[in-house]
Amino acid sequence: MRNIIALDFSKAFDTVRHETLLRKLSQLNIPDCVYNLMVDFFGGHTHCTKFSELSSAFLAIIAGVIQGSAVGPATFVVNAADLTPVKPGNLLAKYAGDVYAYLVMPPNNVDSQLIELDNIERWDKENNLALNRSKTVEIVITNCKKCLASQPPPLSGISSTSTIKILGVTISNKLSSSDHITSISSKCSQTLYALTILRAHGLCDTALQSVYRSVVFARLLYACNVWWVFTILADRRLAGFVRRGVRRGFCYLI
C-alpha cells in the first residue's frame, strides 16, 4: 500500500522568483560564466499594459520562467532541490509540469501527511509559490480492502481519486493500466478514422504510413515499459488494434 498526493502549484512557471532562483544557483558548483549567463537571461526585462491609447508605466519582471524555454526544466530542478520530505521513508518526486510533485508515503508513514503538507506549504511561501489544494489529489494504491479501511480521514481541501495521471500515464489505485489503454485506444481510433478520410482524399500510402508511425505508434509506445507490466490479458487488445492498422495498409509488422 502507498499513499500518493499529487501536488499542484498555481501558476508554477510564472511565480518562480528570479532573486530566489539566482541565489540557489550561486550555491551550486558551476562555472562563473554559466551563472553570469543566467543572470543576464533573467535580468533587464520589463513589461507594461496597453489599452487603446493608454499605457501603464514599465515595471521590471522579477518572476517567471518562460514555458518551453531551454532553461525552464533546469531552473525548476534547481528551484525545487531544497524541497525535501520531513519523515524518513517518504519520497518527493518533482517534475517541471502541471503537477509539480508527487508525495509518496509507505503504510507506516500515513500519519505524517499533515506534517508533510505543512512543510510543503511553508516551502512554497518562501519560494513565492502557492499550493492549489482544489487541484491537489490523493490516491491510495492498495490491493487489500483491510488496508483501505485503515486509512486516516480525508485531508482538508484535497479530494481523493481512484486514478491518477503521472507524466501522461493513467494508473488506478489497483495498479491497473486499463484506463490508460482505453484512453489511448480511443485517441488512436480517431487517428485511424482521420487517416481513412485522408486516403479517400488522395493522400499516398507512404505519407499515411509516416503519419501512422509518428502519431499512432508514438502514442502506443509512450512509456510502455512502465504501464505494460500493469496490464491484464483483456487490456492487451492493443495488439488487435495494431493488426487493424496492418490490414488497412497504414503499417507493416516486421
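1. Let me start with threonine 170 and its neighbours. Leaving aside residues up to four places away in sequence, threonine 170 touches Thr163, Ile164, Lys165, Ser176, Ser177, Asp179 and His180. Threonine 170 sits in strand E11, which covers residues 169-172. With a relative accessible area of 13%, threonine 170 counts as buried, because the cut-off is under 20%. Please keep in mind that this is a predicted model.

2. Next, the aromatic residues. The whole structure holds seven aromatic pairs. In one of them, tyrosine 95 and tyrosine 102 have ring centres 5.7 Å apart and planes at 70°, so this pair is edge-to-face. Tyrosine 95 is partly exposed, at a relative accessible area of 30%, whereas tyrosine 102 is buried, at 5%.

3. A second pair is worth a look on your screen. The ring centres of tyrosine 212 and phenylalanine 250 lie 6.2 Å apart with planes at 25°, so the two are stacked. This pair links distant parts of the chain, 38 residues apart: tyrosine 212 belongs to helix H7, and phenylalanine 250 to the segment after H9. Both tyrosine 212 and phenylalanine 250 are buried. Together with Phe217, they form one aromatic cluster.

4. How do the axes of helix H7 and helix H9 cross? H7 (residues 205-221) and H9 (residues 238-247) have axes that come within 12 Å and cross at roughly 170°. The two helices are therefore roughly antiparallel to each other, as angles over 145 degrees are classed that way.

5. Which residues of H7 and H9 meet? From H7 come Tyr212, Val216, Phe217 and Leu220, and from H9 come Leu238, Phe241, Val242 and Gly245. Sorted by class, this contact has seven nonpolar residues, one polar residue and no charged ones.

6. Now to H9 itself, where Leu238, Phe241, Val242 and Gly245 are buried. Looking down the axis of H9, the buried residues fall within an arc of 100°, so they line one face of the helix. As a reminder, an α-helix has 3.6 residues a turn, so residues three or four places apart point the same way. The buried residues of H9 pack against helix H6 (178-200), H7 and helix H8 (224-227).

Key. Residues are numbered from 1 along each chain as its sequence is written. This is a predicted model: local features need pLDDT of at least 70, side-chain atom pairs count only at pLDDT 80 or more; totals for chains, interfaces and linings use all residues. Side-chain values use heavy atoms; hydrogens and water are left out. Axes are lines fitted to C-alpha atoms, for helices over the stretch in contact, and angles run from 0 to 180 degrees between N-to-C directions. Helices (H or I, at least four residues) and strands (E, at least two) are DSSP runs, numbered from the N terminus. Angles under 35 degrees count as roughly parallel, over 145 as roughly antiparallel, 65 to 115 as roughly perpendicular and the rest as oblique. Contact means heavy atoms within 4.5 Å. Ala, Val, Leu, Ile, Met, Phe, Trp, Tyr, Cys and Pro count as nonpolar, Asp, Glu, Lys and Arg as charged, and the others, Gly among them, as polar. Buried means under 20% relative accessible area, exposed over 50%, partly exposed in between (1.4 Å probe, protein chains only). Rings of Phe, Tyr and Trp (its six-membered ring) pair if their centres lie within 6.5 Å; planes under 30 degrees apart count as stacked, over 60 as edge-to-face and the rest as tilted. The arc is that of the directions from the helix axis to the C-beta atoms.
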